[in-house]
Amino acid sequence: MRDYVCAPDQDVVISSRVRLSRNYDDLPFSSKLTREYADEVIDRTARAVFASPHGASFMLLRMADLEEDARNRLVEHHLISYDLLKYASRSAAMVSSAGTVSVMLNEEDHVRFQGLLPGLQLERSAEMALKLDERVGDEFPFAFDSQWGFLTACPANTGTGLRACVILHLPGLSGAGQMGAVMQSVAKLGLNIRGMYGNGSDVQGHLYQLSNVATLGRSEEDVVRSLAVATEEIVGHERAMRENAEKKDMLQLQDTLLRSWGETMQARLMSTKEFMKRYSDIRYAASLGYLHLPVPALDLLMMDLQPGSLGVRAGRLIGEREAEILRANTLREELGALSAGN
């Protein structure tokens, strides 16, 4: 049985991610990027990344060479954005073997460096992205203006080019009807809260993405620090709501959450929508100590059983019915093994 080590605040914070948007100063921006220039972006970035101290751990993936399920799996594991798939004919990604650092190539900008870690680890995530950014930028300079900072395709990213976000599990605040107040509060801080996959994504399983809006006129440290402080406040409120729910009627709370466990362990069909609800209940129960399961393992399982990842697991294109059967079977097996190992 694999050992799972919980990261800081992982009872509430699933992951921390920091992305840096960059464009090479001698190549046209994406709106005028020809196939020749797009290939140049990939080639020069790959050379610089592979030559970095940990370059041997990276794999270059051209989106045009991947099946649809394999592309979607990268999105579901937060290694690339959905937007990268809009440019699949010319885009690529470089992913470290640990899955903690990735580089998106030829999305809206030439290059987007990303650091990704479990729990609340924004500073470390930023450090990983910035180190690779510096390494590549030293060899191939990025477009930079002394007044405006790093120049990007979208003006909203101009400045540091840094977007930081955390994925939060907030069943306590959601159940108490407090998410409206949370959204208003973070908006005043220049932050945005949306579904797990960002703009346009639905909220499922009480999972939310909290991220910064502005990048201009602020340092990288300031952006990361302000998001970390806001996240810590939300974590405190979420824990308070969970405590209140237990004080109000612990037996009812246990009954609701553990019924989800029982139904999941007996299910023979499991849609994505139902799975996200069951996952949320089981994760909530594990965080409160009602189930002895490693939360990091539940989070990995949540990503592995999304539609694209499930297709990769099957090794072939599968229909909705077959996916529901495979998801239910995998859940019973994986959760049973996790329960037996604790």
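Colleague: Let me begin with one side chain: is Lys247 buried or exposed?

Modeller: Lys247 is exposed, because its relative accessible area is 62% and the cut-off for that label is over 50%. Do keep in mind that this is a predicted model.

Colleague: Which residue does Lys247 meet in a salt bridge?

Modeller: The general idea is that side chains of opposite charge can pair when their charged atoms come close. Here the side chain of Lys247 meets that of Glu243, at 3.1 Å from N to O. Glu243 is partly exposed, with a relative accessible area of 41%.

Colleague: Where do Lys247 and Glu243 lie?

Modeller: Both are in helix H7, four residues apart, which is about one turn of the helix. In general, an α-helix has 3.6 residues a turn, so residues three or four places apart point the same way.

Colleague: And what is the span of helix H7?

Modeller: Helix H7 covers residues 220-266, and its end C-alpha atoms are only 48 Å apart, whereas a straight helix of 47 residues would span 69 Å. Look for a kink of about 110° in H7, centred on Asp249.

Colleague: Back to charges, then. How many salt bridges does the count come to?

Modeller: The count comes to 21 salt bridges. One of them joins the side chains of Arg239 and Asp9, at 2.9 Å from N to O. Arg239 lies in helix H7 and Asp9 in the segment before strand S1 (13-22), so this pair ties together parts that are 230 residues apart in sequence. Arg239 counts as partly exposed at 35% relative accessibility, and Asp9 counts as partly exposed at 24%.

Colleague: What does Arg62 pair with?

Modeller: The side chain of Arg62 meets that of Asp43 in a salt bridge, with 3.7 Å from N to O. This pair links distant parts of the chain, with Arg62 in strand S2 (residues 58-62) and Asp43 in helix H1, 19 residues apart. Arg62 is partly exposed at 31% relative accessibility, and Asp43 is partly exposed at 35%.

Colleague: Arg44 is in helix H1 too. Is Arg44 buried or exposed?

Modeller: Arg44 is buried, because its relative accessible area is 7% and the label applies under 20%. Its side chain makes a polar contact with the side chain of Asp26, at 2.9 Å.

Colleague: Which residues does Arg44 touch, leaving out those up to four places away in sequence?

Modeller: On that basis, Arg44 touches Tyr24, Asp26, Leu27 and Phe140.

Definitions and conventions: Residues are numbered from 1 along each chain as its sequence is written. This is a predicted model: local features need pLDDT of at least 70, side-chain atom pairs count only at pLDDT 80 or more; totals for chains, interfaces and linings use all residues. Side-chain values use heavy atoms; hydrogens and water are left out. Helices (H or I, at least four residues) and strands (E, at least two) are DSSP runs, numbered from the N terminus. Buried means under 20% relative accessible area, exposed over 50%, partly exposed in between (1.4 Å probe, protein chains only). A polar contact is a pair of N or O atoms within 3.5 Å; within protein, one must be able to donate a hydrogen and the other to accept it, and residues adjacent in sequence count only if both atoms are side-chain atoms. Contact means heavy atoms within 4.5 Å. The expected span of a helix is 1.5 Å times one less than its number of residues. The bend at a residue is the angle between axes fitted to the seven residues ending there and the seven starting there. A salt bridge is a side-chain nitrogen of Lys or Arg within 4 Å of a carboxyl oxygen of Asp or Glu.
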